[in-house]
Amino acid sequence: MSTEPMGTEPISTEPVRFDTKIAVLLREDLETWQRLNVTSFLVSGLGTTVPEVVGEPYEDADGVPYLPMFRQPVLVFEATKETLTAAHGRALSRALPRALFTSDLFTTGNDRDNRAAVRRVGTGALDLVGLAVYGPRNAVDKVVKGARLHP
């Protein structure tokens, strides 16, 4: 017989481990506001196309509902432009779900212009400032190799 109050989930003391990882890689020369902006845009792409990364909605003790969030932590890394470019290539070669942010997107003001700015540039010439990837932990670790956790 459960000792939990009716309508509540049992509380587990076991640590939660994930077989997958969400990582955001930012170019190290970005301003603080740019880092925050880029991170926000990048993770929004993952949540809309990889539904398993999103958990259940929240609700406070008064019954007020809140939107669901990722079910696991997002690790944020920083790296040089060269490391970011290499990470992009590794994400592509592993066919991992990914989102990108290029320097051109700082000059546009809407989604249509953002997509057009990316579409104008070939894969190898993209001026990347951010990349988000999702996948098996070991594959994501290989993608972000050479980057360091964001301070």
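This is a predicted model: local features need pLDDT of at least 70, side-chain atom pairs count only at pLDDT 80 or more; totals for chains, interfaces and linings use all residues.
Residues are numbered from 1 along each chain as its sequence is written, and side-chain values use heavy atoms, with hydrogens and water left out. A search of the whole structure turns up 9 salt bridges and 3 aromatic pairs.

**Salt bridges**

- A salt bridge here is a side-chain nitrogen of Lys or Arg within 4 Å of a carboxyl oxygen of Asp or Glu.
- Lys21 pairs up with Asp141, with 2.3 Å between the closest N and O atoms. Lys21 sits in strand S1 (residues 20–27) and Asp141 in helix H4 (residues 137–143), so this bridge ties together parts that are 120 residues apart in sequence. Helices (H or I, at least four residues) and strands (E, at least two) are DSSP runs, numbered from the N terminus.
- Lys21 counts as buried at 15% relative accessibility, whereas Asp141 is partly exposed at 35%. For these labels, buried means under 20% relative accessible area, exposed over 50%, and partly exposed in between (1.4 Å probe, protein chains only).
- Arg27 and Asp127 meet in a salt bridge too, at 2.8 Å from N to O. Arg27 belongs to strand S1 and Asp127 to the loop between H3 and S6, so the pair ties together parts that are 100 residues apart in sequence.
- Arg27 is buried, at 11% relative accessibility, and Asp127 is partly exposed, at 26%.
- Arg27 and Asp127 also belong to a network of salt bridges that links them with Asp29 and Lys81.
- Arg115 bridges to Asp111, the closest N and O atoms being 3.1 Å apart. These two are 4 residues apart in helix H3, so about one helical turn separates them. Arg115 is partly exposed, at 45% relative accessibility.

**Aromatic rings**

- Rings of Phe, Tyr and Trp (its six-membered ring) pair if their centres lie within 6.5 Å; planes under 30 degrees apart count as stacked, over 60 as edge-to-face and the rest as tilted.
- Phe101 and Phe106 make a tilted pair, 5.1 Å centre to centre with 50 degrees between the planes.
- Phe101 is buried, at 4% relative accessibility, while Phe106 is partly exposed, at 24%.

**Largest pocket**

- The largest pocket holds about 310 Å³ of space. A pocket is an open set of points on a 1 Å grid over the protein atoms alone where a 1.4 Å probe fits, with protein on both sides within 12 Å along at least five of seven lines; lining residues have an atom within 4 Å of a point.
- Among the lining residues are Phe41, Phe101, Asp111 and Arg115.
- Helix H1 (32–49), strand S5 (98–102) and helix H3 (111–119) each give two or more residues to the lining.

**Surface patch and a strand contact**

- Tyr58, Val64, Tyr66 and Met69 make a nonpolar surface patch of about 400 Å². Patch residues have over 30% relative accessible area and no salt bridge, and nonpolar side chains are joined within 5 Å.
- Tyr66 lies in strand S3 (residues 65–66) and is partly exposed, at 43% relative accessibility.
- Gly135, in strand S6 (residues 128–136), is buried at 5% relative accessibility. The C-alpha atoms of Gly135 and Pro97 are separated by 7.1 Å, with the two residues 38 apart along the chain.

How values were computed:
Patches are made of residues with over 30% relative accessible area and no salt bridge: like charges are joined within 9 Å, nonpolar side chains (Val, Leu, Ile, Met, Phe, Trp, Tyr) within 5 Å. Accessible areas come from the Shrake-Rupley method with a 1.4 Å probe; for residues, only the protein chains shown count as cover. Grid points are joined across faces, edges and corners, and a volume is the space filled by probe spheres set on the points.
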